[in-house]
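Work through the exercises below with the sequence and the structure open beside you, and try each task before you read its solution.

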Amino acid sequence: MDITGSCLCKAVRYRISAPPIVTRVCWCRVCQYLGAGSGTVNTCFPSDAVHIEGRLGDYRSVADSGNVMHRRFCLACGTPLFSAAESRPHLLFVRAGTLDDPKVAKPSVTIWSSQAPSWACISESLPRVPGQPPPAG
Ligand SMILES: [Zn+2]
Ligand SMILES: [Zn+2]
C-alpha cells in the first residue's frame with residue numbers, strides 16, 4: 001500500500017510506492033533551524049519510488065563534509081518536506097511530520113547528538129551517533 005503525505009497547506013502532495021529504508025532523528029545544527037529548536041525526524045526512501053505533485057522551493061547548501069544538499073519546501077506554506085544529497089541521488093529523505101500516517105516513521109537511531117542542546121529530550125532507547133552516520137543505502 002502506498003505511503004502518502006503533504007505539506008501543511010496541501011499544495012504539495014506525495015505518494016511513495018516503497019517501504020521506508022530507515023528513519024533517523026537528527027539533531028544537527030541545520031535541523032534545529034528547520035525543527036524550530038528541536039531535532040527533525042527523517043524517513044529515507046528510494047527516490048524513484050517517491051512521486052511528488054506541487055511546487056517546491058529548493059534551498060541548496062554545502063555541508064561540512066563537502067556534500068551538496070538540497071532541502072525542498074512548499075512555496076506556499078514553507079513546510080520543509082524533503083532533503084537529498086547530490087552524492088546520493090537514489091535516496092530521498094522525507095520530513096516525517098508531513099506523512100499522513102506518522103506511525104510510518106519509527107526512528108531507529110539519533111544522529112548528530114553532539115550538537116543537541118543540554119535541554120534536548122533524546123530517547124534513551126535509541127542508539128546515538130554523535131556526528132554523521134554511515135550512508136542510509
Ligand atoms: Zn504548503
Ligand atoms: Zn540534521
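Predicted model: local features only at pLDDT ≥ 70, side-chain atom pairs only at ≥ 80, totals over all residues.

**Exercise 1. Find which atoms coordinate the zinc ion (ligand 1), and determine the geometry of the site.**

Solution. Begin with the donor atoms: the zinc ion (ligand 1) is held by the SG atoms of Cys-7, Cys-9, Cys-74 and Cys-77, at 2.3 to 2.4 Å. Next, consider the angles among these four donor atoms, which run from 106 to 111 degrees. Four donors count as tetrahedral if all angles lie between 85 and 135 degrees, and the site of the zinc ion (ligand 1) is accordingly tetrahedral. As a reference for this step, the ideal angle for four tetrahedral donors is 109.5 degrees.

**Exercise 2. Identify the donors of the zinc ion (ligand 2) and their spacing.**

Solution. The SG atoms of Cys-26, Cys-28 and Cys-31 coordinate the zinc ion (ligand 2), at 2.1 to 2.3 Å. Read along the chain, these donors have the spacing C-x1-C-x2-C. To complete the picture of this site, note that both Cys-26 and Cys-28 are buried.

**Exercise 3. Locate the two aromatic pairs of the structure and classify each one.**

Solution. The structure holds two aromatic pairs. In one of them, Tyr-14 and Phe-82 have their ring centres 5.3 Å apart and their planes at 70 degrees, an edge-to-face arrangement. Because Tyr-14 lies in strand S2 and Phe-82 in strand S8 (residues 80-85), this pair ties together parts that are 68 residues apart in sequence. Tyr-14 is buried at a relative accessible area of 2%, and Phe-82 is buried at 1%.

The other pair consists of Trp-27 and Trp-119, whose ring centres are 6.4 Å apart and whose planes meet at 80 degrees, so this pair is edge-to-face. Here too distant parts of the chain are linked, 92 residues apart: Trp-27 is in the loop between strand S3 (22-26) and helix H1 (29-34), and Trp-119 is in the loop between strand S10 (109-111) and S11. Trp-27, with 4% relative accessibility, counts as buried, but Trp-119, with 58%, counts as exposed.

**Exercise 4. Place Pro-133 in the chain and list its contacts.**

Solution. Pro-133 is found in the segment after strand S11 (128-129), and its relative accessibility of 10% means that it counts as buried. Leaving aside residues up to four places away in sequence, Pro-133 touches Arg-24 and Ile-111.

**Exercise 5. Characterise the largest pocket by its volume and its lining.**

Solution. The largest pocket contains about 770 Å³ of space. Its lining has 31 residues, and those nearest its centre are Ala-63, Met-69, Arg-71, Trp-112 and Gln-132. Among the elements that give two or more residues to this lining are S3, H1 and S7.

Technical notes. Residues numbered from 1 in each chain as written. Chains lettered and ligands numbered in written order. Heavy atoms only, no water. Donors = N, O, S within 2.8 Å, 3.2 Å for Na, K, Ca; no water. Tetrahedral: all angles 85-135°; square planar, octahedral: opposite > 155°, others 65-115°. Buried < 20%, exposed > 50% of the residue type's maximum accessible area, 1.4 Å probe, protein only. Helix = DSSP H or I, 4+ residues; strand = E, 2+ residues; numbered from the N terminus. Contact = heavy atoms within 4.5 Å. Phe/Tyr/Trp six-rings, centres within 6.5 Å; stacked < 30°, edge-to-face > 60°. 1 Å grid on protein atoms, 1.4 Å probe; cavity = no way out; pocket = protein on both sides within 12 Å on 5 of 7 lines; lining within 4 Å. Points joined across faces, edges and corners; volume = space filled by probe spheres on them.
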